[in-house]
Amino acid sequence: MSDATIPIHAIKGRGTATRMPHRFEKDVRAAWDDGWGTLEEAASGETPPLQTEVTFETARSAISKNDSPDIHFDYSVNPYRGCEHGCVYCYARPTHSYLNLSPGLDFETRLIAKRNIVEVLRADMGKRSYVPKLINIGSATDCYQPIERELKLTRSVIELMQEVGQPFSLVTKSSGVERDLDLIAPMAARKLAAIYVTITSLDGEVARKLEPRAAAPHRRLRTIRTLAEHGVPVGVSLAPHIPFVTEDMEQVLEAAWEAGARSAFYHVIRLPWEVAPLFKEWLELHYPQRAARIMAHIHEMRGGKDYDSNFATRMKGAGLWADLVRQRFQKATSRLGFNRERVELDLTQFRPPGVAGQGSLF
């Protein structure tokens, strides 16, 4: 699968150990035993830690429009391509294929930063044809992944949205969102911001395997508490639910409620395109004794396939197992009090931006 042998057990802090070829690639390389013991030698030797490489991109547009009926936002803005968190299940991994990069290791080690994202977003919002609707920041990759600490592209996007009164939501696994509370809290008071924190499991060992460079579960709970204490509408995402891996749904909801979350949602695991073989490899490494059982239940929710892209079922699945997961979620959220009040963000405050650096007289 790769032009270099990468021992999977030696990859630390990464979600996958494979630079698997993407679906548009014609040439596929595989490790081959030449009879001189080179494969065994490489597998037993020390491998240097993988470094993250950031490339800057000049974006031509900033806003992506959503027409999927099962997604509850109209526009999205993504400051980055690829994500250093390394979540093995990430549905966005196949997007790296369009860059001629691997959805495997490249997705989490070769990142693209849109250096002019704010300038392009300002221009997009300034068009006469622009109609303000809810924007989700970082729908494809986490907008608070580690490189945001230095690049601050997400912060600059939120600064612009504060300037023009544009409401936004975002979902993150990072405590980095706390850095921008000086912007987010005042916007939340004006009904312009809502934050969702993903917690797939409270088990630190499970989270470390699933999401190796994301914040630990207890740290994410503290982020929920901090956001709530500052008056920010905060919810918890349990996406994705993975059969026999993330099985503490009720405990996650209880902890999130105690921390201050008042809305919650979940999705079942999605395995489009190259995500399926990567996830199966991950299962064989971390849960070999139950890998077949896990995949059998995923297939049961997906009509016998790894993935079904049908809008009606792709988020929640179908069948008996999907119904059981739905019932568990509904009973737990109802008992605790989640989702009793819908967070309505205010679109009426939007005012078109002026030229960068130019203030308004009114």
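Tyr-75, Tyr-130 and Phe-350 form one aromatic cluster. Rings of Phe, Tyr and Trp (its six-membered ring) pair if their centres lie within 6.5 Å; planes under 30 degrees apart count as stacked, over 60 as edge-to-face and the rest as tilted. This is a predicted model: local features need pLDDT of at least 70, side-chain atom pairs count only at pLDDT 80 or more, and totals for chains, interfaces and linings use all residues. Residues are numbered from 1 along each chain as its sequence is written, and side-chain values use heavy atoms, with hydrogens and water left out.

The whole structure holds eight aromatic pairs. One of them joins Tyr-266 and Phe-329: it is tilted, 4.8 Å centre to centre, with 50° between the planes. Both Tyr-266 and Phe-329 are buried (under 20% relative accessible area, with exposed over 50% and partly exposed in between; 1.4 Å probe, protein chains only). The rings of Phe-279 and Trp-282 are stacked, because their centres lie 5.7 Å apart and their planes meet at 20°. Phe-279 and Trp-282 are buried too.
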